[in-house]
Amino acid sequence: MNFTRRAFLVSTSALAFAPATFATGGEVPFDRNVVIEMARDLASRPYAEREMVPQEWQDLTYQQYRSIRFRLDRALWYETETPFNVDFFTPGLYFPRTVKVETVENGMATPVAFDLEMFDKSEDVPELPIDDTLGFSGLRLRTEMHRPGKTDEFCVWQGASYFRAIGLHEVYGLSARGLALKTGAPDGEEFPEFIRFWLERPKPGQRDMVVHALMDSPSVTGAYRFNVTAGADCVMDIEATLFPRQELTHVGIAPGTSMFLFDQTNHSRFDDFRPAVHDSDGLLVRNGAGEVLWRPLANPTRLQISSFVDTNPRGFGLLQRKREFSDYADLEANYHKRPSLWVEPGADWGKGAVTLVEIPADQEIYDNIVAYWRPAEPYTAGSQVDLSYRLIWGDEPQRTPMARVINTAMGDNTFGEGRLAVIDFEESELFDDPEAMTIFVDSPHAETSEGVLQRNPDTGGLRLAFSFEPGDRDHVELRAQLLKDKQPASEVWLYRWTS
């Protein structure tokens with residue numbers, strides 16, 4: 001990937017954000033169809049790469065860039081009755097190209113002009129040239145959340161088509177993208193970019209805000225509409241209209257991008273005082289057949305891609321289930337406060353596969369996990385593709401009646417041959433009588449034991465342990481579930497063990 005996690009973190013955690021100056025250009029009429037027609041027109045012409053900002057901006061060091069801070073008193077709609085403020089980011093370092101930003105009020109759009117006076121900077125930042133290429137590299141939304149009379153940030157767009165959000169009392173973690181193209185493909189990934197934004201000014205008392213974005217890429221253009229509501233969970237209702245320039249044979253819809261370094265399944269590979277390091281610990285899928293699948297994440301030694309074939313999925317997402325400080329023991333990263341991200345399709349998505357890409361990583365600065373919906377049929381060049389879906393960012397944005405998997409551990413089977421898998425299921429009314437439970441364990445690749453089920457006094461739930469013998473195989477697919485009266489009593493646990 002060409003964006004490190006550290007580059008993206010710079011845009012939010014390290015910068016302070018911020019009334020904005022309006023350009024002198026006249027107002028123009030605006031609605032969503034304007035963005036759709038712009039995307040359609042772009043797709044009819046060859047792709048043209050945007051100009052980069054002066055080299056002095058690109059040459060800023062990491063410390064210099066993060067010391068350029070947006071002034072809160074220069075935020076869009078600052079100290080007005082508008083319930084949202086908007087802050088902006090400078091270009092430079094990891095963000096050499098700028099985006100255009102306009103505000104929309106009463107159906108009319110007005111440009112927001114870049115002004116370096118919007119920002120404070122430290123003494124070690126050199127004099128930077130200002131020319132026509134200058135503009136913002138992204139934007140951030142703030143609103144009143146848990147501090148009366150004060151605003152808190154909750155949503156950011158910056159870099160390619162990346163964006164991310166948080167719920168109440170959370171810190172930024174995983175991110176989403178407008179579109180993923182050829183993720184994990186041998187010939188390299190393509191990163192579409194949001195190149196222009198329109199911000200609809202909310203009315204006093206309004207709890208949601210609408211953001212429009214124009215996307216461009218060598219293979220496809222797109223018009224996006226985000227309806228964003230802040231709260232305990234941040235909810236985004238998204239409409240996207242795509243215009244492929246080329247046939248899109250490997251496209252990822254509603255992609256989420258996260259980081260998984262280690263936990264109890266692979267801690268032996270990392271000499272680290274912390275018990276675990278990750279933004280997300282599993283992929284949850286509610287498929288069209290009604291099954292609830294939980295796939296713990298892995299940091300493999302070689303690239304691996306998993307496909308969960310489905311028709312009209314009910315939802316999927318990258319979740320962070322471990323929520324205690326002691327799960328990570330990290331005073332700075334606060335991994336226990338990172339949000340989960342759940343995707344709910346709008347209109348029927350048809351046939352395809354929830355796809356999980358796991359990329360080897362040796363440091364936590366890299367986002368090495370990607371999950372998305374891959375349609376079974378390619379999107380043809382010259383076509384129009386209309387999509388809708390909801391993103392929910394929060395502590396636990398999706399719960400089902402099934403008992404959840406709350407921990408997975410792996411190790412050498414000290415009591416016999418092969419490997420030992422240990423799965424903890426949360427406390428559930430379905431587990432009142434453990435003797436009535438049936439264990440299902442299976443693998444198409446390796447012989448497995450029948451499994452042992454015990455009450456876990458620490459969690460109140462049940463622990464399933466079984467062994468498997470991989471032999472000389474370099475990977476083994478595993479599946480386990482608890483049943484009661486022949487009916488599912490837990491999520492389906494899926495795992496790919498690799499050597």
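Ser161 is buried, with a relative accessible area of 1%, where buried means under 20% relative accessible area, exposed over 50% and partly exposed in between (1.4 Å probe, protein chains only). The model is a predicted one, in which local features need pLDDT of at least 70 and side-chain atom pairs count only at pLDDT 80 or more, while totals for chains, interfaces and linings use all residues. Residues are numbered from 1 along each chain as its sequence is written, and side-chain values use heavy atoms, with hydrogens and water left out.

**Surroundings of Ser161**

- Ser161 is placed in the loop between strand E8 (151–158) and strand E9 (162–165); helices (H or I, at least four residues) and strands (E, at least two) are DSSP runs, numbered from the N terminus.
- With neighbours within four places in sequence left aside, Ser161 is in contact with Ala176, Arg177, Gly178, Leu179, Pro192, Glu193 and Phe194, contact meaning heavy atoms within 4.5 Å.

**Salt bridges**

- The structure holds 33 salt bridges, a salt bridge being a side-chain nitrogen of Lys or Arg within 4 Å of a carboxyl oxygen of Asp or Glu.
- Side chains of opposite charge can pair when their charged atoms come close.
- Glu189 forms a salt bridge with Arg177, and the closest N and O atoms are 2.7 Å apart. This pair links distant parts of the chain, with Glu189 in the loop between E11 and E12 and Arg177 in strand E10 (residues 175–177), 12 residues apart.
- Arg177 is buried at 2% relative accessibility, whereas Glu189 is partly exposed at 23%. Arg177 is also one of the residues in contact with Ser161.
- Arg463 and Asp424 meet through their side chains in a salt bridge of 2.9 Å, N to O. The two residues link distant parts of the chain, since Arg463 belongs to strand E32 (residues 462–469) and Asp424 to strand E28, 39 residues apart.
- In this pair, Asp424 is buried, with a relative accessible area of 4%, and Arg463 is partly exposed at 34% relative accessibility.
- Asp152 forms a salt bridge with Arg147, with 3.1 Å between the closest N and O atoms. Asp152 is buried at a relative accessible area of 15%, while Arg147 counts as partly exposed at 33%.
- A network of salt bridges links Asp87, Arg140, Arg142 and Glu153.

**Negative surface patch**

- Glu427, Glu429, Asp432, Asp433 and Glu435 gather in a patch of negative charge on the surface.
- Patches are made of residues with over 30% relative accessible area and no salt bridge, like charges being joined within 9 Å and nonpolar side chains (Val, Leu, Ile, Met, Phe, Trp, Tyr) within 5 Å.
- Lys and Arg count as positive and Asp and Glu as negative, whereas His and the chain ends are not counted. The place of a charge is taken as NZ of Lys, CZ of Arg, CG of Asp or CD of Glu.
- Glu427 lies in the loop between strand E28 (419–425) and strand E29 (437–442), and it counts as exposed at 57% relative accessibility.

- Lys182 has a phi near 60°, a positive value in a residue other than glycine. Lys182 is found in the loop between strand E11 (180–181) and strand E12 (193–200) and is partly exposed, with a relative accessible area of 27%.
- Ala254 also has a positive phi, of about 50°, although it is not a glycine. Ala254 is placed in strand E16 (residues 251–258) and counts as buried at 4% relative accessibility.

- Gln304 and Arg496 are 192 residues apart along the chain, and their C-alpha atoms are separated by 9.6 Å.
- Gln304 is placed in strand E21 (residues 304–311) and is buried, with a relative accessible area of 7%.
- Beyond its neighbours within four places in sequence, Gln304 is in contact with Arg295, Ala298, Leu356, Val357, Glu358, Arg496 and Thr498.
- Gly416 and Ser340 are 76 residues apart along the chain, and 37 Å separates their C-alpha atoms.
- Gly416 is found in the loop between strand E27 (405–412) and E28, and Gly416 counts as partly exposed at 39% relative accessibility.

Definitions and conventions
Accessible areas come from the Shrake-Rupley method with a 1.4 Å probe; for residues, only the protein chains shown count as cover.
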